[in-house]
Structures are given as C-alpha cells and as structure tokens.
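Here's a quick briefing to read with the model open beside you. Take a look at the structure first, then work through the points below.

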Amino acid sequence: MKLNKAFIAAALVLGSLLASGLASQAQDNTNTPPAGTPPSGGMRGPGPSFEAISKRLELTDDQKPKVKPIIEDMQKQIADYRKDNPDATMADRRAKMKEIREAATTQLKDILTADQLTKWQQITARRPNGAGGPPPSGTPPSTNAPADAPKN
C-alpha cells in the first residue's frame with residue numbers, strides 16, 4: 001500500500017513538472033515574432049500608412065490618387081536606403097531622410113492646400129528627441145520657467 005502511495009505521489013509531481021514546463025514553453029512562443037519579421041533594433045518603419053496620412057491631411061477623393069504614389073515612393077526610398085545602408089551614421093541617415101522628405105514635399109506643394117501642406121510639414125517634422133511624426137496633440141510643450149519669468 002505504501003508503495004502505491006509513493007508511486008502516485010511521484011507520478012503527480014512528475015506530471016505537474018511536465019505540465020508547467022509545457023505551459024511556460026507555450027507562453028514563450030507567444031512572444032516570438034513570426035518568421036520573416038525584421039528584428040526591432042531601434043530602427044523605425046517607413047512611417048504611417050497612407051490611410052493614416054490621408055485622414056490626417058483630410059485629402060479629397062481627387063487628391064488621394066495623386067498623393068498616394070508620392071507617399072509610397074517616399075516610404076520605399078526610405079526603406080531601401082535603410083536596407084542598403086545599415087552601417088550609415090546617424091548624421092548620414094538624417095540627411096538622407098531629410099532629402100527624401102523634402103523631395104516629396106516639393107511634389108505635394110502642387111496638390112495640397114496651404115492648410116494640408118502645413119499638416120504635412122508637421123507630420124514629417126523632426127521633434128527634438130529625434131523621433132519623426134506629428135507632435136503630440138492637445139498638450140503644449142512644457143517649460144521649466146513661467147512665461148513671464150525674467151531670463152538670465
């Protein structure tokens with residue numbers, strides 16, 4: 001009888017260890033990116049989708065087919081540059097991205113209204129922390145001193 005109890009206890013311990021091992025392995029697999037997904041080495045993607053840009057700029061139905069190839073070409077150029085120049089310095093990358101964005105802006109000037117162009121420039125403007133994209137909405141930039149404080 002004692003042998004049966006010892007065998008059952010050992011089987012329960014072994015079963016629980018096996019079950020917890022399988023559960024942790026299954027949990028580890030959920031965090032693995034799908035095959036073919038590039039690693040996130042700090043490099044950003046080509047930017048927001050055309051749909052997101054279209055909504056932000058409030059493009060008309062006439063403007064969308066004119067703007068879409070310009071945006072897609074800009075994003076392709078950025079992606080190609082990043083792929084072809086993985087060892088480029090940060091200064092070189094910034095200069096090239098600025099060049100690509102300015103070329104797209106030049107093309108868009110003939111299509112967008114003044115208000116849309118201003119929004120486009122906000123979307124593509126570089127923020128002080130180095131991140132591209134639109135500045136956060138609804139919150140003005142913070143300062144450490146009051147607006148009427150004397151400057152030293």
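Is S54 buried or exposed? S54 is buried, with a relative accessible area of 7%, where buried means under 20% relative accessible area, exposed means over 50%, and partly exposed is in between (1.4 Å probe, protein chains only). Keep in mind that this is a predicted model, in which local features need pLDDT of at least 70, side-chain atom pairs count only at pLDDT 80 or more, and totals for chains, interfaces and linings use all residues. Residues are numbered from 1 along each chain as its sequence is written, and side-chain values use heavy atoms, with hydrogens and water left out.

**The whole chain**

- The protein chain has five helices and zero strands, and its elements run α-α-α-α-α from the N terminus on.
- Helices here are DSSP runs of H or I with at least four residues, strands are runs of E with at least two, and both are numbered from the N terminus.
- Of the 152 residues in the protein chain, 19% are buried.
- The protein chain exposes about 11700 Å², and carbon and sulfur atoms supply 58% of that area; the method behind accessible areas is Shrake-Rupley with a 1.4 Å probe, and for residues only the protein chains shown count as cover.
- Take the contacts in the protein chain with a separation of 6 or more: residues 24 or more positions apart account for 53% of them. Contact means heavy atoms within 4.5 Å.

**Helix 2 against helix 3**

- Two packed helices are described by the angle between their axes and the distance between the axes.
- Helix 2 packs on helix 3 (residues 64-84) at an angle of about 130°, and their axes are 10 Å apart. The axes are lines fitted to C-alpha atoms, for helices over the stretch in contact, and angles run from 0 to 180 degrees between N-to-C directions.
- Helix 2 and helix 3 are therefore oblique to each other: angles under 35 degrees count as roughly parallel, over 145 as roughly antiparallel, 65 to 115 as roughly perpendicular, and the rest as oblique.
- On the helix 2 side, F50, I53 and S54 meet K64, V67, K68, I71 and Q75 in helix 3.
- That contact of helix 2 with helix 3 has four nonpolar, two polar and two charged residues. Ala, Val, Leu, Ile, Met, Phe, Trp, Tyr, Cys and Pro count as nonpolar, Asp, Glu, Lys and Arg as charged, and the others, Gly among them, as polar.
- S54 is found in helix 2, and leaving aside its neighbours within four places in sequence, S54 is in contact with L59 and K64.

**Helix 2 against helix 5**

- The axes of helix 2 (residues 50-57) and helix 5 (residues 114-124) come within 9 Å and cross at roughly 135°, so helix 2 and helix 5 are oblique to each other.
- I53, R56 and L57 in helix 2 meet Q116, K119, W120, Q122 and I123 in helix 5.
- The residues of this contact of helix 2 with helix 5 divide into four nonpolar, two polar and two charged.
- L57 lies in helix 2 and counts as buried at 1% relative accessibility.
- Beyond its neighbours within four places in sequence, L57 is in contact with L112, Q116, K119, W120 and I123.
- L57 and L112 are 55 residues apart in sequence and 8.7 Å apart in space, C-alpha to C-alpha.

**Helix 4 against helix 5**

- Helix 4 and helix 5 pack at an angle of about 170°, with their axes 11 Å apart, so helix 4 and helix 5 are roughly antiparallel to each other.
- R101, A104, T105 and L108 in helix 4 meet L117, W120, Q121 and T124 in helix 5.
- By class, the contact of helix 4 with helix 5 has four nonpolar, three polar and one charged residues.
- T105 lies in helix 4 (residues 90-108) and is buried, with a relative accessible area of 11%.

- E58 lies in the loop between helix 2 and helix 3, and at 54% relative accessibility E58 counts as exposed.
- Most residues other than glycine have a negative phi. E58 has a positive phi of about 55° although it is not a glycine.
- K96, in helix 4, is partly exposed, with a relative accessible area of 27%.
- K96 and I78 are 18 residues apart in sequence and 8.3 Å apart in space, C-alpha to C-alpha.
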